Amino acid sequence: MRRYLGSALLLPAVLIAADATAATKHYRLAWDSDGSSSAVIGFSPDGSSNNPYVNYGYSTDEGSWTAAQVDATETFDGSISSHFVRLEDLSPDSAVYFRVCDQDGCGERFWFRTAPANNDPFVVIAGGDTRTGHTTRRQGNQLLAKVRPLAVMHGGDFTNANSASEMREFLDDWTLTYSSDQIDGLSYQRIYPLIPTHGNHEDDNYSTVCQVFGVDFNGDGNCNPSDTYGAVQVSPLLRVYTLNSQFQSSGWSAYASSMNNWLESDLSASGSAASWRFAQYHKPMFPHYSGKSDNPTLFGWWAQPFYDYSMNLVVESDTHLTKLTEALLPSGNNFAATTAGGTIYVGEGSWGAPARSANDPKSWTIDLASIQQFKVIQVSADELVVRTAQFDSSAATLSREERENDPLLLPANVNWWSANGIGEAMTLTRNAAGRSVIGSSSGGSSSGGSSSGAAAPVAVRVSWSPWWRPTMCSYRPGRVPAITTATMTACWRMAATGLSARSTH
């Protein structure tokens with residue numbers, strides 16, 4: 001494959017003495033358009049850094065690299081200055097090596113991979129709410145580095161107060177997501193592209209995601225609230241829609257109208273350009289914690305377009321717990337479950353932020369739990385496999401070679417959450433209209449995306465007056481290995497009124 005350098009590369013590479021180091025830090029990478037051909041490299045000064053730039057190329061031979069100049073500089077909360085270098089016209093499915101340089105020399109060696117331009121499979125991570133619980137946040141970041149995903153979706157609430165001091169801590173901790181590699185005898189760190197979302201803890205500054213991560217979703221060259229929504233074409237397999245749920249707040253109606261008009265237009269024109277469609281935003285339509293109010297405005301905005309245009313998977317945050325739903329379609333002012341194909345909703349945050357009580361299941365909830373987690377999603381042409389990773393240090397670390405040899409491989413010993421009625425892995429396929437169908441092979445392995453079926457147990461529903469409300473006590477043939485005593489005890493406790501229970505085969 002021919003390698004070529006982007007049109008934004010303006011200067012020849014400058015070779016710097018090996019012992020010189022650039023005065024820069026907090027390196028980050030973002031996607032905001034096409035993951036196979038573009039990326040935004042961000043970094044901040046660490047002392048006196050004059051006229052910084054990025055040297056990069058497609059091999060570790062720095063003599064063949066070319067320099068790219070800073071495209072934008074933004075200041076967050078009055079004191080965090082960030083420079084952004086936008087790389088365009090990159091080669092798909094390629095390792096890109098780079099260093100940030102300035103008048104004193106060049107900094108650490110990094111590399112990232114562009115997305116494939118074909119149907120090759122890959123892994124993505126999706127989560128949110130890193131704002132507090134820094135010990136757990138760091139465990140999640142370290143787990144990310146072990147998994148080596150192609151990209152990361154972040155659902156917002158990066159910090160608690162959206163202050164410069166807390167954002168510096170977030171960026172310090174984000175360095176734990178780097179994976180360490182030895183390539184051609186040199187030390188490199190793999191850095192992963194982030195697709196950021198605006199959360200309610202960013203509400204004091206609707207330009208946070210462009211000031212900190214350099215995203216320019218609408219491509220106008222300006223940093224403003226319009227950069228809180230947009231689409232990333234990861235590859236022919238996946239298009240990711242990022243939306244701003246906070247536009248439902250008073251005073252943002254004009255932005256909300258523009259966003260929602262754009263969404264329907266893009267889904268109509270470009271949604272079918274990918275096999276799978278994901279959406280992420282911060283506030284859930286129907287939170288699974290009783291202390292959070294429903295968001296009927298968001299349901300009114302998005303539930304029908306999601307169904308009409310075959311949105312396959314929606315990742316919500318904010319509530320600090322985990323959930324999995326049935327395939328859903330809008331019905332009146334709520335959802336209804338369907339086995340014919342719909343949208344799956346997962347979430348809800350807790351990438352560090354303390355988990356809240358998972359005490360508000362819906363009639364269409366498969367399972368929920370009060371844990372800290374993010375989703376690990378294997379994306380291939382014919383299926384998605386969605387898992388929930390809990391944070392601890394038990395997971396093995398994938399090597400660069402292991403990831404190169406198997407784009408769907410997951411580390412051994414990850415503390416996967418096992419959902420009642422599903423198991424550790426939810427497998428999704430598509431119907432003829434492109435909508436998600438939960439496969440009978442849910443509960444499979446973590447290598448290569450393969451799944452194994454489960455025995456067909458008794459289906460148990462626990463309900464209580466005044467209406468049927470099946471929860472994680474709902475079991476379906478082929479999608480759960482067993483009914484445990486602990487599970488049944490939990491089910492009966494949830495049915496506190498104890499008015500009725502039904503068992504069916």
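Tutor: Take strand β8 (residues 95-102): eight of its eight residues are buried, so β8 is largely enclosed by the rest of the structure. Buried means under 20% relative accessible area, exposed means over 50%, and partly exposed lies in between, using a 1.4 Å probe and protein chains only. Strands (E, at least two residues) and helices (H or I, at least four) are DSSP runs, numbered from the N terminus. This is a predicted model, in which local features need pLDDT of at least 70 and side-chain atom pairs count only at pLDDT 80 or more, while totals for chains, interfaces and linings use all residues. Residues are numbered from 1 along each chain as its sequence is written, and side-chain values use heavy atoms, with hydrogens and water left out.

Both faces of β8 are covered. Ala-95, Tyr-97, Arg-99 and Cys-101 are buried on one side, and Val-96, Phe-98, Val-100 and Asp-102 are buried on the other.

Next come the partners of β8. Strands of a sheet pair through backbone hydrogen bonds, either parallel or antiparallel. Two strands count as paired if DSSP finds at least two bridges between them. Strand β4 (residues 53-57) runs antiparallel to β8 and is joined to it by five bridges; here Asn-55 stands opposite Arg-99. Strand β10 (residues 110-113) also pairs with β8 in the antiparallel sense, over four bridges, and the bridge partner of Val-96 in β10 is Phe-112. Asp-102 stands opposite Gly-105 in β9, and β8 and β9 form a hairpin with two residues between them.

Seven strands form an open sheet with mixed pairing, in the order β16-β17-β18-β19-β23-β20-β24. Its edge strands, β16 and β24 (365-369), each pair on one side only. Neighbouring strands of this sheet are turned by 15° against each other on average, direction ignored. Such angles are taken between N-to-C directions and run from 0 to 180 degrees; the axes are lines fitted to C-alpha atoms, for helices over the stretch in contact. β16 and β17 run antiparallel and are joined by five bridges, and Tyr-241 in β17 is the bridge partner of Ala-231. Helix α4 packs on the sheet, touching β16 and β17, and its direction makes about 175° with that of β17. Contact means heavy atoms within 4.5 Å.

Helix α4 (residues 253-270) has 18 residues and reaches 25 Å from its first C-alpha to its last, close to the expected 26 Å. The expected span is 1.5 Å times one less than the number of residues. In α4, the buried residues are Ala-256, Met-259, Asn-260, Leu-263, Asp-266 and Leu-267. They cover an arc of only 135° around the axis, which puts them on the same side of α4; the arc is that of the directions from the helix axis to the C-beta atoms. Ala-254, Asn-261 and Ala-269, on the other side of α4, are exposed. The buried residues of α4 pack against β16 (230-235), β17 (238-242) and α5 (296-308).

Trp-302 and Phe-306 both lie in α5, four residues apart, about one turn of the helix. Trp-302 counts as buried because its relative accessibility is 0%, and Phe-306 counts as buried at 1%. The rings of Phe-335 and Tyr-345 have centres 4.9 Å apart and planes at 45°, so this pair is tilted. The pair links distant parts of the chain, with Phe-335 in strand β22 (residues 334-337) and Tyr-345 in strand β23 (residues 344-347), 10 residues apart. Both Phe-335 and Tyr-345 are buried. Rings of Phe, Tyr and Trp (its six-membered ring) pair if their centres lie within 6.5 Å; planes under 30 degrees apart count as stacked, over 60 as edge-to-face and the rest as tilted. By this rule there are 32 aromatic pairs. Trp-302 and Phe-306 form a stacked one, at 6.3 Å centre to centre with 20° between the planes. Ring pairs also link Phe-158, Phe-170, Trp-174, Phe-213, Trp-351, Phe-374 and Phe-391 into a cluster.
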